[in-house]
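The sequence and structure come first, then the details.

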Amino acid sequence: MSLIEDLTALKSAAVKRINTSGADIEALRVSLLGKKGELTALLKGMKDVLPEDRRAVGEIGNDVRQTITQLLAQKKAAEETAKMNAQLVSETIDVTLPGSVHRVGQPHVLQQIIDEIEQHFLGLGFEVIDDTIDSPEVETDEYNFERENLPKDHPARDMQDTFYITPEILLRTQTSPVQSRSLEKHDFSKGPLKMIAPGKVYRRDTDDATHSHQFHQVEGMVVGENITMADLKGTLLSIMQTLFGEKHQIRMRPSYFPFTEPSVEVDVSWNEVTPDMKPEDIEWIEVLGAGMTHPNVLRMDGIDPNKYSAFAFGLGPDRFAMLKYGVDDIRQFYLNDVRFLSQFNRKGN
Amino acid sequence: MKTSLKWINDYLNNSINLDADAVADLAEKIERTSVEIADSTTLAQQQDGLVVAKVMSVTSHPDSDHMVIAQVDIGESKLTQVVTGAPNIAEGQFVILAKVGAHIINHETGELIELKPAELRGKVSNGMLVALQEIGFDSKISPKDFEAGIYVFGENENVQPGDDALTVLGMDEPVLDTDLTPNRADMLSMIGTAYELGAMLNQAVTLPDFDLVEYESPAKNQVSLFIDDDDLVSKYAVRVINHVTVEDSPLWLQKRLWNAGMRPINNIVDITNYMMLMYGQPLHAFDLDKLHDNEIHVRRAEVDEKLVTLDGQKRDLRPGEDIVIATTDGPLMLAGVMGGLESEVDESTQNIVIESAVFNPSLIRSTARRHNIHSEASARFERGVNWDATYVALDHAASLVDELAKGQVARERIVAANIERKEVSLTITATRVNQILGTTLTLKEIAGFFDQLNFQYTLDSEKIEVILPARRADMSIEADVVEEIARLYGYDNLPVTLPYGPTTPGKLTRQQRQIRASRKILESLGLNQAISYVLTTPEKSQQFAENVTAKVVTLNYPMSSDRTTARQNLLAGLLEDVAYNVNHFVHNIALYEQGRVFVANEDNELPTEIEHIAGVLTGDDVTSSWQNQKAARAVDFYDIKGIVSAYLDQIGTTNIKYVATNRHVNMHPGQTADIYVGDVYIGFAGQIHPKLTQSQKMAPVFGFELNLFTIMNEAKSDVQYDKISRFPQVSRDAALLVNENIENAKIESVIRQSAGNKLVDVTLFDVYTGDNLPSGKRSLAYTLTYQDNDDTLVEAEVNADFENVITALVNELDVQVR
């Protein structure tokens, strides 16, 4: 037999052996292609081939080697796949069983509202004043009332029942005193004062579903040379749309606060307002008070009301949270029932 | 204030449309331009079928001794038979019949019911004769005369059988209840409200008219006035009226009063109330014959004075503070607040003195507050009355006493104080108005608003000089005028803009960022944020306080004994939260709170406020409810310590030390550590003392409380890149048998000090205490990891370093290597 015939025979024998073999693929590779393998042995016969035939025989030899190598590789891959498949089957579990628990803490719902307000106003270039020095929760009567244009016998003091510590020191009833404390320190050569002041406030109230002796306010104020009531309207519209949604509208109604003149109550639409909507179909809810800062207030803080104008507003995170999430009892915010706190776990809204 | 639009129409030329839809529109317009409307209603509400009936005959009921059978004429061809138990029924009376089919409101349930024919002890009753209280009158406004029976029209009222009783009684008049802000004193009167609505509707106001006839005898012969202190009143005048007949007021006057929410009493009192409602000027009538002498003094109360006010209360007057009207015998009334019982006008009164005044608002306010009397009069005096109406209201009242009580008005008002009001005029420019409002109004448009408001002004090409009327006591400065312009222009019409000008960066301070980061870190460690009450009991305010000798901040007049003192620690509040949750079947709790604590300083100083952060952990650490290897286990000290350590690391503090302590009386003495950054104390962590938790059936609760200010002081913000070594690590384990009282912290410290510069980590991997150890000993096992940044470590070098550590441990801590 010629070498070519031997090679061809080896090829077909090898194909058969590989295809039918259940045995160790590595052993098969050694016996076929190894240094002492069958192909190597046959190719030793190359030296007896005529020089002019060597090229052709060599090609056949390479073809045999390639075919065997390929087949072996395929076989090996198939075997590995089968092994992997067997492993996967054996490792299959019930993926509907509960996952391991990872406790994730939530910011308090009131904190979330305050954070939203804070983010909004930071974006508009406001400062946040909430430190113990410029925004103390225990205040003087002077800053809480008198500087806010509420002298001792002012009728509007009836609107606010106050926890006094001494006749001159009290738990602040509003975050408004932060206005005065900020104004005193502001350097107008660096631009207008734009600030918000979130924090706790206190009123001498009996706690029930709608009253709490402790609640939160976010005071806001802008003081500059050309600050208008239209700016106030635009500012309030933007924060209300951030909190309640882009399609909500606001309206302003006359009101009275001693520290602003003009003063307004602001309502936000409970429903989304579309251009074709009839006015009577919009449901309005009262959400905050605002106004142009009273000249007396500016003057008491050393600001010339003829040069500067200012607006101020007071936002109520407790009320917003009640409206936004349908919370029907303000006391829930301060009981810290874990079942309540963990409901407000949506991030990135 | 309850405002009848029909009454207002007297001054607005009947320009207000009284149809229900028009009234609803007007109410909306008032809310958008002026004040809130608390209620828009009529006394009738949805009632109907009520007619005037003339009682033609009254016969007794054969089967009842308290009911009678009446035949009444309601303008129909046949009489109507009704059975009634009214004790005051009599032939010839004009009364109110609720016909069969009438709708009336059940005054107990508030439901609207339809009247059906009834048979009362065998006799048919076609309807029901009613009392005012049965058709929607509050008992506070229905006249006392008819408290116990049906309503009977006065003889001179000229009502006819069949007249619609709702109309006759004025119950169909639309009434808007305005919810007045404290500044709008002007709208505490019908005329003031008419000016306001006139401005809105662009309608001129016609003031009421009256004729006053004076008799010859001068008033000053009958009384003399003395103002003992000029601070008390700006204006004070009286009129004397003789020979009055005190009786019920005519129906037209009663209607005005009850539609305004006031009860008709008698003609004299009603006239003073009517004038108060009309002009906003409170008046008071004294019975002249009940005065001890003819001297009337306006003065402050003296020592030991007492007064019985009209509500029957005996009041101790505050000497030197309360203002009183008095004779030489003593006080007659609390001036401007409430009359006295002794000089009250009653049916036998013949001669009266009517007073009209402008009292010092703040003195009235403090008197009213002190005695807790918030009367119609004090409400008006406190807020400021119209100085131009003092004498008009007085004279109008006198004229009505003549007309309705046949009184003879004595000649001349007696005026004891008459300070002229200083007229305020302001210069208004369009530039300024537009600068404040952001509008583009012209001077002419602004003048148009002043026309609507009926303000006097002069206009030239650059400015308006506007005169503020006396009726607007709330107005004194430019901003007040700007508000008037804004609300009449309409807030809806204001442009919507954002402030422009130099841009300012919106950024947080480092302290603010650290506080926010502190919250985020604790949340990422699994704690929910709690917000508890700041006010608590004195005990709880100091339960876990840093310094229990620090003074607390205490309310001078608390609402309840639970909320008297500002907290000096957050843990006590969190512990209350835990108790609440446990009581509500929530047992696995992880909470933190960030907030302030309060330390009192001197009495006249603000307290020091300190930011704290605290947390609690209790129940089970439930990783999985069903996987054996991760099953629930109770949380322990090391869980809370792990949270604190992770937090302190993330916030940027280093060199943290935990020192066992038993100094916190409300913490477990064997499971609490004081925490230091270097040598600086920042707080503590440990188990809440079981004496606090066991009694409330709580599982062990672990907590920490840290002073955020100290932490923020100690936290380092600089982060420097540490090169990551690419050379292999080598580790050595050391299992040590040590005396029980030697703490891990001590051992680790000895290891680090003696380890040389190649040690990169020490990890405790086993703690063992058990039977097969000698008593008083425990076993601790550590892995020491060595690595060099620049070279591969040499085995021998590591061995030598490790030997040094072991030697140090043996020498310093007497350990045995196992």
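## Terms and basis

Helices (H or I, at least four residues) and strands (E, at least two) are DSSP runs, numbered from the N terminus. This is a predicted model, in which local features need pLDDT of at least 70 and side-chain atom pairs count only at pLDDT 80 or more, while totals for chains, interfaces and linings use all residues. Residues are numbered from 1 along each chain as its sequence is written, chains are lettered from A and ligands numbered from 1 in the order in which they are written, and side-chain values use heavy atoms, with hydrogens and water left out.

## Helix H4 of chain B

At the start of H4(B), a side-chain oxygen of B:Ser189 lies within 2.9 Å of the backbone nitrogen of B:Gly192. Just after the helix, B:Asn202 has a positive phi of about 55°.

## Crossing of H6 and H9

The axes (lines fitted to C-alpha atoms over the stretch in contact) of H6(B) and H9(B), residues 390-405, come within 10 Å and cross at roughly 145°, on a scale from 0 to 180 degrees between N-to-C directions. Contact (heavy atoms within 4.5 Å) involves residues including B:Ile271 and B:Met275 of H6(B) and B:His396 and B:Leu400 of H9(B). The contact residues divide into 13 nonpolar, 2 polar and no charged.

Conventions: Polar contact = N/O pair within 3.5 Å; in protein donor to acceptor, adjacent residues only side chain to side chain. Nonpolar A, V, L, I, M, F, W, Y, C, P; charged D, E, K, R; others polar.
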